[in-house]
Amino acid sequence: GEKALNTITTVSDASYAWSVKDSIRDALRTRVQQDPFACSKVRSLLLKLRSVLEMPLMRISSDERSEDVDACSKFYSEEITSYASTILTVIPESVFKILDDKVASLRTSELTNLPATIKKQELI
């Protein structure tokens, strides 16, 4: 009775949180890619997601007979870490794309080609 009700409540809370986070992943990546300063907003969202996921853990930990608290905590921590990394990996990708574009621009417009050989008279 009571244990089954707690399990159903816990699973429904977690599944709602996971469905919300998955539905906005691509939008968050795009936002961070377009505006790197949006990371502070993503940080706030991740902290909020963490606090939402604390509720199922609190319910599990309130049951003294449950031995699942550590396993669930580890699972949720790994999921949030993985989720954050899928969003934030766009930052180094964007930085290297900008650097690649800048280097290509420098190589084609500002650098001059050096001659393959230099005459001995020009060295003196």
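Reply: Buried means under 20% relative accessible area, exposed over 50%, and partly exposed in between, with a 1.4 Å probe and protein chains only. The model is predicted: local features need pLDDT of at least 70, side-chain atom pairs count only at pLDDT 80 or more, and totals for chains, interfaces and linings use all residues. Residues are numbered from 1 along each chain as its sequence is written, and side-chain values use heavy atoms, with hydrogens and water left out.

Start with the setting. The protein chain has five helices and zero strands. Helices (H or I, at least four residues) and strands (E, at least two) are DSSP runs, numbered from the N terminus. The order of elements is α-α-α-α-α. Of the 124 residues in the protein chain, 19% are buried.

In general, nonpolar side chains tend to be buried together in soluble globular proteins.

Take Val42 as a case. Contact means heavy atoms within 4.5 Å. Set aside neighbours within four places in sequence, and Val42 is in contact with Leu28, Val32, Ile87 and Leu88. Across the protein chain, 71% of contacts between residues at least 6 apart in sequence join residues at least 24 apart.

An α-helix has 3.6 residues a turn, so residues three or four places apart point the same way. The expected span of a helix is 1.5 Å times one less than its number of residues. For the 24 residues of H2 that gives 34 Å, and the end C-alpha atoms are 34 Å apart, so the two agree.

Areas are Shrake-Rupley, 1.4 Å probe; for residues, only the protein chains shown count as cover.) Helix H4 (residues 90-110) gives the most to the patch, with four residues. Phe96 lies in H4 and counts as exposed because its relative accessibility is 57%.

Last, the charged pairs. A salt bridge is a side-chain nitrogen of Lys or Arg within 4 Å of a carboxyl oxygen of Asp or Glu. By this rule there are three. Glu93 pairs with Arg29, closest N and O atoms 3.4 Å apart. This pair links distant parts of the chain: Glu93 is in H4, Arg29 in H1, 64 residues apart. Arg29 is partly exposed at 21% relative accessible area, and Glu93 is partly exposed at 46%. Lys97 pairs with Asp101 at 3.1 Å. These two sit four residues apart in H4, about one helical turn. Glu78 and Lys74 pair at 3.9 Å, both in H3.
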